[in-house]
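Thank you all for coming. Please have the sequence and the structure open while I talk, and follow along as I name the parts.

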Amino acid sequence: MRPVRKNACGTTVPMPETGDFMSNDYLGLRSHERVCEAAAKAARHAVGAGGSRLMSGDHPVHGQLEDALCELKGSPAALVVPSGYHANVSVLSSLTDKDDLIFSDSLNHASIIDGCRLSRAKSVVFAHNEVSELSRLLAEHRARADCAFVVVEGVYSMEGDLAPVEDLVRACREYDSVLTLDDAHGTGVCGKDGRGTLGPQVEDWENTVLLGTLSKAIGSQGGYICCSEQTRDYLVNFARPHIFSTGLALPAAAGALEAVKMLLEGAAPFEKLRRNVEMFAKHLLDNGFNADAASAIFPVILEKENTALRVASALRTRGFYVGAVRPPAVPEGLSRLRITVSAKHERQQLVSLAELVGREVTAWR
């Protein structure tokens with residue numbers, strides 16, 4: 001049997017939201033009154049969808065959520081699925097064939113890696129965010145593939161950095177490739193009004209697939225795929241994860257719908273999140289760490305696994321719950337604290353955490 005590790009906090013006691021710097025609930029919407037009421041109202045009618053969406057599990061709230069996502073992302077069509085992991089596996093395993101190529105960023109999420117493995121296409125990995133290397137590989141290999149897919153994340157979950165979207169779009173256009181972008185950590189956090197790293201101004205939806213999760217800034221559960229109407233029709237009929245899975249639970253869909261409406265209305269606390277992110281980045285820099293306000297994710301690289309665990313434990317005793325990430329989630333020698341900032345944090349918390357991280361890291365190194 002494999003050894004079981006305790007989590008970074010070493011506790012199962014519920015964490016106070018204000019001291020929680022591990023959650024991906026960037027806008028604090030998972031506990032927002034509007035979102036909770038919408039989910040509770042849906043649950044009065046039914047909890048589960050009751051079947052796959054091709055059978056009995058397709059409900060009006062799914063379509064309403066898809067329409068709202070189309071408005072948020074500017075896409076012609078959208079498909080709601082049970083999780084973001086489900087979305088990546090569905091897209092990569094069903095849209096590609098044995099004569100296709102997938103060009104994948106080296107730091108892509110496990111769900112993308114698994115989608116590539118389930119695909120019959122050959123995968124070519126390029127160095128993280130190195131568009132020059134991607135272009136060289138496309139020039140070398142593109143001609144022998146029927147179709148090429150360039151697969152990236154809008155925001156990388158362990159690094160907190162953004163994909164160079166404009167350069168990627170140009171490379172895909174030059175080499176006639178489909179850009180597939182997972183915006184799980186960008187939606188609600190980046191771009192104009194929180195619409196994401198790609199934004200609503202996609203010019204070519206025939207060669208763009210935008211997907212993500214409803215469980216982070218949207219504060220609910222589930223995943224989505226924004227694409228052309230033709231791509232959606234194909235996925236509905238040929239994506240095995242979609243065909244053979246029960247549809248998204250109705251309370252989750254209704255809660256996500258309300259959260260997306262709040263983003264569209266400007267009622268979500270996006271501006272406060274951005275202020276908090278910029279403030280925390282400044283104070284981390286003041287305490288001697290590299291920090292970038294591009295996203296709400298702040299990695300503090302500590303190299304040694306034990307150092308990361310000890311610092312996380314010390315922070316916990318002061319009321320700050322911070323994730324200690326170590327292998328195999330990250331490579332050996334790159335263990336880290338993964339700090340996430342939300343709109344629910346207050347100024348003094350952000351200042352105090354940055355200062356405390358500085359002191360504890362110095363003490364344990």
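This is a predicted model: local features need pLDDT of at least 70, side-chain atom pairs count only at pLDDT 80 or more; totals for chains, interfaces and linings use all residues.

Residues are numbered from 1 along each chain as its sequence is written, and side-chain values use heavy atoms, with hydrogens and water left out.

Let me begin with the sheet. Helices (H or I, at least four residues) and strands (E, at least two) are DSSP runs, numbered from the N terminus, and two strands pair if DSSP finds at least two bridges between them. With that in mind, you can find an open sheet of three strands, in the order E8-E10-E9, whose pairing is antiparallel. The edge strands, each of which pairs on one side only, are E8, at 297–303, and E9, at 323–325. From one strand to the next the twist averages 25 degrees, where axes are lines fitted to C-alpha atoms, for helices over the stretch in contact, and angles run from 0 to 180 degrees between N-to-C directions.

Strand E10 covers residues 335–340 and pairs with E9 in the antiparallel sense over three bridges, and one example of a bridge partner here is Leu337 in E10 for Ala324. On the other pairing, E8 and E10 are antiparallel over six bridges, and Phe298 has Ile339 in E10 as its bridge partner.

Is E10 buried or exposed? Six of the six residues of E10 are buried, so the strand is largely enclosed by the rest of the structure, and buried means under 20% relative accessible area, with exposed over 50% and partly exposed in between, using a 1.4 Å probe and protein chains only. In a regular strand the side chains alternate between the two faces of the sheet. In E10, Ser335, Leu337 and Ile339 point one way, whereas Arg336, Arg338 and Thr340 point the other way.

Now to the aromatic rings. Rings of Phe, Tyr and Trp (its six-membered ring) pair if their centres lie within 6.5 Å, and planes under 30 degrees apart count as stacked, over 60 as edge-to-face and the rest as tilted. By this rule the count comes to three aromatic pairs. Tyr234 and Phe238 have ring centres 4.6 Å apart and planes at 20 degrees, so this pair is stacked. Both residues lie in helix H7, residues 229–238, and are four residues apart, about one turn of the helix. Tyr234 counts as partly exposed at 37% relative accessibility, whereas Phe238, at 52%, counts as exposed.

Phe280 and Phe298, in turn, have ring centres 5.1 Å apart and planes at 80 degrees, so their pair is edge-to-face. Because Phe280 lies in helix H10 (residues 270–286) and Phe298 in strand E8, the pair ties together parts that are 18 residues apart in sequence. Both Phe280 and Phe298 are buried.

A brief stop at Glu130, which lies in the loop between strand E3 (122–126) and helix H5 (131–141). Glu130 counts as partly exposed, at 38% relative accessibility. On a 1 Å grid over the protein atoms alone, a pocket is an open set of points with protein on both sides within 12 Å along at least five of seven lines, and lining residues have an atom within 4 Å of a point. Grid points are joined across faces, edges and corners, and a volume is the space filled by probe spheres set on the points.

The largest pocket holds about 710 Å³ of space and is lined by 33 residues, of which Asn108, His109, Ala110, Ser157 and Met158 lie nearest its centre.

Notes
On a 1 Å grid over the protein atoms alone, a cavity is a set of points where a 1.4 Å probe fits but cannot get out, and a pocket is an open set with protein on both sides within 12 Å along at least five of seven lines; lining residues have an atom within 4 Å of a point.
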